[in-house]
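Colleague: Hi! Could you walk me through this model? I'm still new to reading structures.

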Amino acid sequence: MTGWRPVRDRIAAVVFLGLVILSAIAITWTLRQAYAVSRLKRGVGDTWFLSASGARWFRLDEHRQDVPLSQIPTHLQHAFVAVEDHRFFRHPGVDPIALGRAMVRNLREPGTVEGGSTLTQQLARTLFLSNKKSYGRKAREGVLALMIDAQLSKEQVLELYLNRIYLSAGVYGVETMSRHLFGRPVRTLTLAESALIAGLARAPAALSPWSNLEGAVDRSHTVLARMRQEGFITAGQEAAARSARPRIRPYPGATDPRNGYAKEFLRQQFRDRFGGDHPPDWEVRTTFVPEMQALAEKAIGDGLRRFGRSDLQAALVAIDPRNGDILALVGGRDFRTSQFNRAVRSRRQPGSAFKPLLYAAALEHGFSPVSVLEGLASMAPQGPEEWSPRNASGETPDRLTLRAALLESNNRAASALQQRLGSRP
């Protein structure tokens, strides 16, 4: 027994240390999540980027447009509550009845991970977690839902939910879906249209109206039946909405390529500095001029079309020489086909891009376009490594005007001009 005691003490110490570590991890996670949840009390809103003139130009997230709960029709609110969480206004963020029913099903069907998710749990998953099905994720989801319900009112939770819920085709929130689907703001939706949107939350990909309109309409009938059962609508209203055939707009397609490179560049700059969390209704002032941006994109498009090759790319940055402000930026031929921004992400040697700046400096120092650079064929090697500039063609005329040298992008002429500028007082 004497020999067993030290072993037992060591096991107890390891277990105690493990419990301390696990407790510290749990407390740290809880505090961090509580702080993140507290920031939700700031409400909803859009962050707008302004042009150089101060006018609104574009939103931080064009796939989502937040609106206050007062602008969301009551029948749309009731539709989501009825079909997704009919005890929403009575539970503390987690529905014990739905949770118990889900646990029984999980025991009866091994491998099933169902949690009877409430609207609050869905919001927690959307904001803070992934869609991975696991017991660990469901546990974190439940804790977060309780935190959210404790700090926010039911109206605040519902407002956030309706503005953040994913509804298919890359669209988040009921306002954006209403505009994409019906071409109208959400406040104008009918009962039938509201039921159609509410039905998408269960399976956004499978029920997308643009690929499965019949399935989406069938699901909307289920929503209407649940609304009648919960007392939100009458049988007559349900029948009238069932007989209405919602008219949807064609799928809006890929991202609008106009200003695409400039917008994504500014969005990334913002996220690098402030992250994904920011107060609603921020305004970000930029130096970009939308009219100049349109001209820059046209110049790139027109210039590339002259070559008759679809595989060529180009980039352009227009800068105000007085203060260095970026006025326009284009990172490629077409943002829709390639989002790689060659203006800011390409890693190439500057090469001849410096030459226009060099020649501009020469003009400011008294040279003219017809000034002649001489002795180009017999330039002495420069630097300690005896390096001498050469041209790709290997041919070097002895004399060139500034205009001809710039037109040919002549390396020896640029080097000679740099020497002459450097020798001036």
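**The cavity and beyond**

Modeller: Happy to! Let's start inside: α8, α9 (213-229) and α10 each supply at least two residues to the lining of the largest cavity.

Colleague: Which helix gives the most to that lining?

Modeller: That is α9, with four residues.

Colleague: And which residues line the largest cavity?

Modeller: The lining is made up of A192, A195, V217, S220, H221, L224, A241, R242, A244 and P246.

Colleague: How much space lies in there?

Modeller: The largest cavity holds about 50 Å³ of space. Counting cavities of 30 Å³ or more gives one.

Colleague: Okay, new topic. What is the mean pLDDT of the chain?

Modeller: This is a predicted model, and the mean pLDDT of its chain is 84. A pLDDT of 70 or more is reached by 86% of the residues.

Colleague: Which elements have the lowest and the highest mean pLDDT?

Modeller: Helix α1 (residues 4-38) has the lowest, at 73, and helix α8 (residues 191-198) has the highest, at 97.

Colleague: Good tip! Now the strands: in what order do they sit in the sheet?

Modeller: The order is β2-β1-β3, three strands in an open sheet with mixed pairing. At the edges are β2 (56-59) and β3 (283-285), each pairing on one side only. From one strand to the next, the twist averages 30°.

Colleague: How many bridges join β1 to β2?

Modeller: Three, and β1 (residues 48-50) and β2 run antiparallel.

Colleague: Which helix lies across the strands?

Modeller: Helix α11 (residues 260-274) lies across β1, β2 and β3, at about 70° to β2.

Colleague: Last topic, the backbone. What is the phi of N259?

Modeller: N259 has a positive phi of about 65°, although it is not a glycine. You'll find N259 in the loop between α10 (235-243) and α11.

Colleague: Is N259 buried or exposed?

Modeller: N259 has a relative accessible area of 14%, so it counts as buried, the cut-off being under 20%.

Colleague: And what about S409?

Modeller: S409 also isn't a glycine, and its phi is positive, about 55°. S409 sits in the loop between α14 (402-408) and α15 (411-423). Its relative accessibility is 27%, so S409 counts as partly exposed.

Key. Residues are numbered from 1 along each chain as its sequence is written. This is a predicted model: local features need pLDDT of at least 70, side-chain atom pairs count only at pLDDT 80 or more; totals for chains, interfaces and linings use all residues. Side-chain values use heavy atoms; hydrogens and water are left out. pLDDT is the predictor's confidence in each residue, from 0 to 100. Two strands pair if DSSP finds at least two bridges between them. Axes are lines fitted to C-alpha atoms, for helices over the stretch in contact, and angles run from 0 to 180 degrees between N-to-C directions. Contact means heavy atoms within 4.5 Å. Buried means under 20% relative accessible area, exposed over 50%, partly exposed in between (1.4 Å probe, protein chains only). On a 1 Å grid over the protein atoms alone, a cavity is a set of points where a 1.4 Å probe fits but cannot get out, and a pocket is an open set with protein on both sides within 12 Å along at least five of seven lines; lining residues have an atom within 4 Å of a point. Grid points are joined across faces, edges and corners, and a volume is the space filled by probe spheres set on the points.
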